Amino acid sequence: MTTSAMEEASTRGRTAAQLRSVGLKVTAPRIAVFEALIGTGHLDAHTVHERIVGELPGTSLQSVYNVLDALHGAGLLRRIEPAGSPALYERRTGDNHHHVVCTRCRAVGDVDCVVGEPPCLAPTDAGGFAIHTAEVTFWGLCADCRRQPEASAQPEASA
């Protein structure tokens, strides 16, 4: 067995253990979808589907949506929904980080908690709610878009 094959088998084993640890049945689509998000940042369902269809050619886009929903519901993925964009999924969970979205190219990045410990922002009146998370999206131009000549033009309005 090659080193690459051993690393892949080890990754698959860890993925299967993570799925089992949250009570999910281990299936090929769940493993493929979860692994498609390793080290990738924020992906939408279409991109995840494109990444796994070569490995699992019979997998439908609807199946990918179903798996993403199951993984999110089990707490293995975080779903964010920036205005004007499809839902995006990431593996970074368990902390209260925020996001920054480029108004031109729609690139998304992570921003660590703004101030202090989660929820890091507290409303003056929570209306009886016990706040545990603050979800903040910052909007602006990413470094790549700022380097482009038209970067001085007015950025696209966000939805």
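The model is predicted: local features require pLDDT of at least 70, side-chain atom pairs count only at pLDDT 80 or more, and totals for chains, interfaces and linings use all residues. Residues are numbered from 1 along each chain as its sequence is written, and side-chain values use heavy atoms, with hydrogens and water left out.

Begin with the protein chain shown as a cartoon. The chain contains 5 helices and 5 strands, where helices (H or I, at least four residues) and strands (E, at least two) are DSSP runs numbered from the N terminus. Their order from the N terminus is α-α-α-α-β-β-β-β-β-α. Of the 159 residues, 30% are buried (under 20% relative accessible area, 1.4 Å probe, protein chains only).

Next, select Val33, Leu37, Val48, Val64, Leu68, Leu71 and Leu77. Within the largest nonpolar core, which has 20 residues, these touch the most other members. Such a core is a set of buried Ala, Val, Leu, Ile, Met, Phe, Trp, Tyr and Cys residues joined through side-chain atoms within 4.5 Å. Helix 2 (28-36), helix 3 (45-52) and helix 4 (61-73) each provide at least two residues of this core; helix 2 gives the most, with 5 residues.

Now centre on Val48. Leaving aside residues up to four places away in sequence, Val48 touches Val33, Ala36, Leu37, Leu43 and Val64 (heavy atoms within 4.5 Å).

Finally, select Phe34 and Arg91. Arg91 lies over the face of Phe34, 3.7 Å from the ring centre; the criterion is CZ of Arg, or NZ of Lys, within 6 Å of the ring centre and within 35 degrees of the ring normal.

How values were computed:
Buried < 20%, exposed > 50% of the residue type's maximum accessible area, 1.4 Å probe, protein only.
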